[in-house]
Structure formats: structure tokens, C-alpha cells
Amino acid sequence: MGLLQNIFVITGIIITILYSCQVEPYSKFDATNLYPDNTSIIFPISSPTQINWDSLLTQLSKCTKPIIVLEEEHIKAGDISELRRYLQIARNLKFHIAIRIPTKYGERPMEEIARQLIHIQDLLPEINGILLDEVLDNPDMLSYYAQLSEIARELGYDFIIINLSNSLNPERFIEIADAVIVYENMGISKEIIPNKDLRNRSISIIYVSSWEELTPFIKYIRKGLFGKWIFITDRYEGKPFNSTSLPSFWKELLQQLCVKT
């Protein structure tokens, strides 16, 4: 009997030690205490005619004001009635809808961009924002981007995003933008994190191939250190990102990042 008691005691000690060393998987955390309430998702659209809009909008509606980003080539003088119908649904769901405008690092004429923004507003007035991309992170170019921002607002765009990914001084652009892309990676890195003043207006883009590869970022996302909007997707080696294919861990990501219980 004494031997049996000793076995139980030793077994209990071993179980206690193993349990104390166990690392809980991220999927077991309660979503209510994982992330800031205002953390949301930015989602770029590469092919609006191929994507399953019903599924996408249903999933994104679980998030707080997500951002959908379209490309200029999507806005053509053709039959865009179906696209417009889905964009109207997105706006009714309080999504931001932006159009990506490459500025060719300040070499694209302002008049050309202005004409394009007018054309987009005529065809799809549901689009309320622009994403200024290919931005030259140079203080000498600040006036160029400030004028573009002012033109966009005068035309009715009320949400301006500027892509300053991995810039060391994004603060100088924040007065002319509502959101700034501050971080973009092709691997695991934690070196560039927006400061406290920028976090509510920051977007981070993280490329990973699996949920496991995302886990090094989790503690930063959990604390809101990567900003208000997070774009996380599978990594495509040597290929441009195709947003018609959702990440393999999309549902888990939505559950962790957007669903509040």
C-alpha cells in the first residue's frame, strides 16, 4: 500500500512539472483578452470578378471597420454594376473602401492623378478612400503628397492612406493621412514598430505561410503594437499576392483578431 501511495505521489509530481512547462497554443486563448477592441483587417482585392464577395463580406463584417483596397485597373468604363453592388453592401457595413494610387515615387503628374480620382468618383462613388503607394519617403516630397491629399479630400475622399512601410520617420506624413502603412515584411522581424502616437492610425502588412509562422508576431498584435489594421496573408514565393485566395488560416485569424465574445 505504501509503495502504491509513493507511485501516486511521484506520478502527481511528474504531471505537475509537465503541466507547468506546457505552452498553451494561441488558438486556446480567449479572443476577448487577446487583442485591442479596435484591431481590424485590411484586405487588398486583386481580381474583383473572381473573388467570392458574399463570403468575403460576411467574414469581414465580423471586424471593426475593415479596409478593402481596389486597384486602378478595376475601374474601367465597362459593366461594373456587380462590383458596385458589393461595394454598396460594404459601405453599408461601415467598411472603408480605398483605391490604390501608385505615385511612381513622386514622378506621376498630379494632374493625371486628379483626373483619375474624378473618373473613379464618377463610376464608383462608394469608394471613400485612396492609398497613395510607391511613396518617396523624403521630406522634400511632403508638399507633393500634401497636395494630393488635399485634392482627394476636395473630391470627396475622406480616408487617405500613405504607404511608408519600414520608414524611420512616418510621423512627418501623419498630418496629411488618416492611416499610414508603417510595417511590411517578407519574413519574421520585429524591428519596426509604430510609436504610441501612431498606433491608432497604423497599418502593418505581415506575410507568413502558416499560423505557426505567425506566432512570433502574436504578442505584438495582442498588445496593439503593430497598429490598428493588420494585413496578414500567405507568402507566395516569387509570385505577386493574389487576394482571390484567402490564407489557409483565414478563419482562425478572423476568430482571433475580429470575433469578440
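1. A word on terms before we look around: contact here means heavy atoms within 4.5 Å. This is a predicted model, in which local features need pLDDT of at least 70 and side-chain atom pairs count only at pLDDT 80 or more, while totals for chains, interfaces and linings use all residues. Residues are numbered from 1 along each chain as its sequence is written, and side-chain values use heavy atoms, with hydrogens and water left out.

2. Let's start with threonine 103, in the loop between β3 (96-102) and α4 (110-123). Helices (H or I, at least four residues) and strands (E, at least two) are DSSP runs, numbered from the N terminus. Threonine 103 counts as buried because its relative accessibility is 0%; buried means under 20% relative accessible area, exposed over 50%, and partly exposed in between (1.4 Å probe, protein chains only). Leaving aside neighbours within four places in sequence, threonine 103 is in contact with Arg108, Ile113, Leu132, Asp133, Glu134, Val135, Tyr144, Tyr145 and Leu148.

3. Next comes lysine 104, in that loop between β3 and α4. Lysine 104 has a positive phi of about 55° although it is not a glycine, and at 48% relative accessibility it counts as partly exposed. Lysine 94, in the loop between α3 and β3, also deserves a look: its phi is positive, about 70°, and it is not a glycine either. At 57% relative accessibility, lysine 94 counts as exposed. For background, most residues other than glycine have a negative phi.

4. Now please turn to helix α2 (residues 53-60), where Trp53, Leu56, Leu57, Gln59 and Leu60 are buried. They lie on the same side of α2, because they cover an arc of only 165° around the axis (the arc of the directions from the helix axis to the C-beta atoms). These buried residues pack against β1 (40-44), β2 (67-71), α3 and α7 (250-257).

5. What lines the second largest pocket? Its lining has 13 residues, with Pro48, Thr49, Asp79, Ile80 and Leu83 nearest the centre. Helix α3 (residues 81-92) gives the largest share of this lining, three residues. A pocket, on a 1 Å grid over the protein atoms alone, is an open set of points where a 1.4 Å probe fits, with protein on both sides within 12 Å along at least five of seven lines; lining residues have an atom within 4 Å of a point.

6. Finally, the overall picture: the protein has seven helices and eight strands, and buried residues make up 46% of its 261 residues.
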